[in-house]
Amino acid sequence: MRAFLVVLDSLGIGGAPDAQAYFNEARPDTGANTLSHIAQACAEGRAETGRSGPLRLPVLDGLGLGRALQLASGLAAPGLGAVPEGRWGAATETSRGKDTPSGHWELAGLPVPWDWHYFPDAQPAFPPDLLARVRQAAGTDGTLGNCHGSGTVMLDRFGAEHLRSGWPICYTSADSVFQIAAHEERFGLDRLLALCEAVAPLLHDMRVGRVIARPFLGEPGAFRRTANRHDYAITPPAPVLTNWVQAAGRRVHAVGKIGDIFSMQGIDTLRKGDDATLMRHLHDLVAEAEEGSLTFANFVEFDSLWGHRRDVSGYARALEWMDAELGRLLPKLRPGDLLVLTADHGNDPTWSGTDHTRERVPVLVAGAGSGALGHVAFADVAASVATHLKVAPQGPGRSFL
């Protein structure tokens, strides 16, 4: 038996019961629904979709995506709603927050046991002593940014001055993050990574979830972020699914940002790259991974390229690409394999602002028969994967298998 846990980063399906407590530009997340709003926009042929036909996701829908959407939010999406061949349900998060560590930790069996620290949406956003530590570690006289903002906007605003001054660009978002952007060649990638590593302990002591290195290249008017991003996340304070499996003597393979999110805890191998590269890695692991192993993958570009940038067309194309790849992948699974597809939060590209949206997420299972799972908890995903691998769950979740 093997298990493949795949996170489609930010594919929310609406319906979070506490969405009114979370905001984008002063608008509560009540009614946010990543999947439904993309499907509606495509079916209506809206200009922002760049298309005139419905969203086509036959493989995901065949696993139960349309049914999971209806369960989570009571909505039917155009083009979705097939009779599922897999098992399907909707998961609700209990951790406070709508960020990457909260969602992934809880999917791995550990609801976050504290409140994250968030920086105020004001300028300045950061305390002087924090920026003094950044300047000291960077060896510069100053910093740029000191505000909330989207990464690409930060490059447009401060990139030229960064090249002139050599000062790092520091910014945050509605998530519990401290991000530092710098030019890979002019500032130096190794220098940027060393800077983030140096300031991470201070941020972690403040309960800031992640320090993120955001390298970029190019010149003013044509800056572009590179794939050399690195997250310095707080180490989970208790064992999670990866630790449970590794402690049982099994191999754990991480694909994508999973290694960063869990600070490589309980992970034997790590494969990185853009989503197209990560998909090749996932195909390879389906072919090669050992019996009894866990493969834990995250496909981040739904979130980073399309959700945050409010790009409905890009998100729709990415979903259809994923669907086609899954159509090639599923027949390669061996008897006894389990594949679980889920998400960590929402990021509705039709919503106000540029931040994540508080939503329920789908849970789609191949390799365990067909039928409804109903409403489940995020932590139930970890318990179910562990149960399939005959590893004792240690968290609060209950297996739905």
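# Questions at the model

Guide: About 30 Å³ of space lies in the largest cavity of this predicted model.

Visitor: How many cavities of 30 Å³ or more does a search of the whole structure find?

Guide: One.

Visitor: What makes it a cavity, and not a pocket?

Guide: A 1.4 Å probe fits at its points but cannot get out, so the term is cavity; a pocket is an open set.

Visitor: Which residues line the largest cavity?

Guide: Ala16, Pro17, Asp18, Thr92, Glu93, Arg358, Glu359 and Arg360.

Visitor: How do you know how that lining divides into nonpolar, polar and charged?

Guide: By residue type. Ala and Pro count as nonpolar, Asp, Glu and Arg as charged. Thr falls among the others, so Thr92 is polar. The lining has two nonpolar residues, one polar and five charged.

Visitor: Why is Asn146 called buried?

Guide: Its relative accessibility is 15%. Buried means under 20%. Asn146 therefore counts as buried. Asn146 is found in strand E5, residues 144-148.

Visitor: What is the phi of Asn146?

Guide: Phi is near 60°, a positive value in a residue other than glycine. Most residues other than glycine have a negative phi.

Visitor: Where is Ser263, which also has a positive phi?

Guide: Ser263 sits in the loop between helix H9 (258-261) and strand E12 (269-271). Its phi is about 50°, although Ser263 is not a glycine.

Visitor: Why is Ser263 called partly exposed?

Guide: Its relative accessible area is 22%. Buried needs under 20%, and exposed needs over 50%. The value for Ser263 lies in between, so Ser263 is partly exposed.

Visitor: What kind of peptide bond joins Gln123 and Pro124?

Guide: A cis bond, with omega about 10°. Most peptide bonds are trans. Pro124 lies in the loop between helix H4 (100-107) and helix H5 (128-138).

Visitor: How many residues has the largest nonpolar core, and which have the most contacts inside it?

Guide: The core has 86 residues; Leu35 and Leu241 have the most contacts inside it. Helix H12, residues 312-329, gives the most to this core, with eight residues.

Visitor: What makes another set of residues a core of its own?

Guide: A core is a set of buried residues of the listed nonpolar types, joined through side-chain atoms within 4.5 Å. Another core, of 22 residues, lies apart from the largest one. Among its residues are Leu131, Ala182, Leu192 and Val211.

Visitor: Which residues does Leu35 contact, leaving aside its neighbours within four places in sequence?

Guide: Leu11, Gly12, Ile13, Leu55, Leu57, Leu65, Leu69, Leu80 and Leu319.

Technical notes
Residues are numbered from 1 along each chain as its sequence is written. This is a predicted model: local features need pLDDT of at least 70, side-chain atom pairs count only at pLDDT 80 or more; totals for chains, interfaces and linings use all residues. Side-chain values use heavy atoms; hydrogens and water are left out. On a 1 Å grid over the protein atoms alone, a cavity is a set of points where a 1.4 Å probe fits but cannot get out, and a pocket is an open set with protein on both sides within 12 Å along at least five of seven lines; lining residues have an atom within 4 Å of a point. Grid points are joined across faces, edges and corners, and a volume is the space filled by probe spheres set on the points. Helices (H or I, at least four residues) and strands (E, at least two) are DSSP runs, numbered from the N terminus. Buried means under 20% relative accessible area, exposed over 50%, partly exposed in between (1.4 Å probe, protein chains only). Contact means heavy atoms within 4.5 Å.
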